[in-house]
Amino acid sequence: MNDKKTILTGDRPTGKLHLGHYIGSLENRVKMQHECNQFIMIADMQALTDNAENPQKVRDNILELGLDYLSIGLDPKINTIFIQSSVPELSDLTMFYLNLVTVARLQRNPTVKTEIAQKGFEKSLPAGFLIYPVSQAADITAFKAQLVPVGEDQLPMIEQTNEVVRRFNHTYNSNVLVECEAVRSSVGRLIGTDGKSKMSKSLNNTIYLSDSSEEVKKKVMSMMTDPNHLRVEDPGKVEGNPVFEYLTAFDKDKEGLGDLKTRYQKGGVGDVEVKKRLIEVLEEFLTPIRERRAEFEKKPEEVMNILKEGGQKARLVAQQTLKDVRKAMNINYFND
Ligand code: TRP
């Protein structure tokens, strides 16, 4: 176990996971679970930074997220899946790190900046929201994670985490904190079903991992394609065409897909043919996920127990890091 690299990653429990999450991060987690020591965190405290008045929504999504994780094949025997607030040491670390980060730096974080605009927080910004990148640095460093599989929008968080790590180690002349590296998707970011740049709940352009066959079929059939591909015989564009982008991400028959792309570009292939292929490909991908979900849905107590035990295991690791951190800062007053 000791020569395995450590992964820490997670998601806010604010909604169901979709294909964009899968391509951005979940796929790498599934692939890397055997070769790495992986911690997967349900970030309830981070979710509360912009849902303070709605803890019930956060609570309801904890089980949902747990089900999403288990259904995609993350094995609870080899991964530590836990809820952020089960590990209070993360908050201690956050408090210490906050003194190493300026408000100006947080305001410059591009993801935070975009989210402040999206959420209309310009006039009344919750302090907890502004500082969530520091809490995220605590999440990652508490486990001394070297690898963080994340989508594109999280890259500024990795950068800011590493700044905290360097600043901490330099200020306290230590090497207790470890720098991390993002693990990025091989396909990049998945665009929405409407062809917009990002798949996102608020844009209503998602396909969820928990969608039924009917829903998937309906969503694919109404997907955007190349707007200039009007008649079957017209040449069509493959880049930026969401149906082809999804096929590139999910179709295992690369040769067949290459052939279809060539024929589509030449003209003579209708959108319905391409969409039917995508429905088949997605059904093949989603069927085992649905089957596992149906099993775990029957036993929610078992899922919650996995999260509880994960929390206990995660806590032991974070407690040790907190000890190391206090020692490095020379504030371990009782030498414990
Ligand atoms: N910010 C991530 C999201 O919105 C969730 C998250 C919290 C996270 N802490 C993390 C991701 C640490 C990776 C590493 O989904």
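Which side chain meets that of R315 in a salt bridge? The partner is E89, with N and O 3.0 Å apart. This is a predicted model, and the structure holds 23 salt bridges. Side chains of opposite charge can pair when their charged atoms come close.

Start with R315 and E89. R315 lies in helix α14 (residues 300-328) and E89 in helix α4 (residues 89-98), so the pair ties together parts that are 226 residues apart in sequence. The two ends of this bridge sit in unlike surroundings. E89 has 7% relative accessibility and counts as buried, because the cut-off for burial is under 20%. R315, at 31%, counts as partly exposed.

Move on to E163. This residue forms a salt bridge with R105, and the closest N and O atoms are 2.8 Å apart. The pair also links distant parts of the chain: E163 belongs to helix α9, R105 to helix α5 (residues 103-108), and 58 residues separate them. R105 counts as buried at 14% relative accessibility. E163 is partly exposed, with a relative accessible area of 29%.

A local pair comes next. R263 forms a salt bridge with D259, with 3.8 Å between the closest N and O atoms. Both lie in helix α12 (residues 254-266), four residues apart, or about one turn of the helix. R263 is partly exposed at 34% relative accessible area. D259 is partly exposed too, at 45%. Elsewhere, salt bridges join E64, D68, R293 and E297 in a network.

Now return to helix α9, residues 155-171, and its packing against helix α8, residues 132-142. Two packed helices are described by the angle between their axes and the distance between the axes. Here the angle is about 70° and the axes are 9 Å apart. That makes α8 roughly perpendicular to α9. From α8, the contact takes in Y132, P133, Q136, A137, I140 and T141. From α9 come M157, I158, Q160, T161, V164 and V165. Eight of the contact residues are nonpolar, four are polar and none is charged.

Y132 is among the residues T49 touches, along with P126, G128 and F129, leaving aside residues up to four places away in sequence. T49 lies in the loop between α2 (44-48) and α3 (55-71). Is T49 buried or exposed? At 15% relative accessibility, T49 counts as buried. P13 is 36 residues from T49 in sequence, and their C-alpha atoms are 12 Å apart in space.

How values were computed: Residues are numbered from 1 along each chain as its sequence is written. This is a predicted model: local features need pLDDT of at least 70, side-chain atom pairs count only at pLDDT 80 or more; totals for chains, interfaces and linings use all residues. Side-chain values use heavy atoms; hydrogens and water are left out. Axes are lines fitted to C-alpha atoms, for helices over the stretch in contact, and angles run from 0 to 180 degrees between N-to-C directions. Helices (H or I, at least four residues) and strands (E, at least two) are DSSP runs, numbered from the N terminus. Angles under 35 degrees count as roughly parallel, over 145 as roughly antiparallel, 65 to 115 as roughly perpendicular and the rest as oblique. Contact means heavy atoms within 4.5 Å. Ala, Val, Leu, Ile, Met, Phe, Trp, Tyr, Cys and Pro count as nonpolar, Asp, Glu, Lys and Arg as charged, and the others, Gly among them, as polar. Buried means under 20% relative accessible area, exposed over 50%, partly exposed in between (1.4 Å probe, protein chains only). A salt bridge is a side-chain nitrogen of Lys or Arg within 4 Å of a carboxyl oxygen of Asp or Glu.
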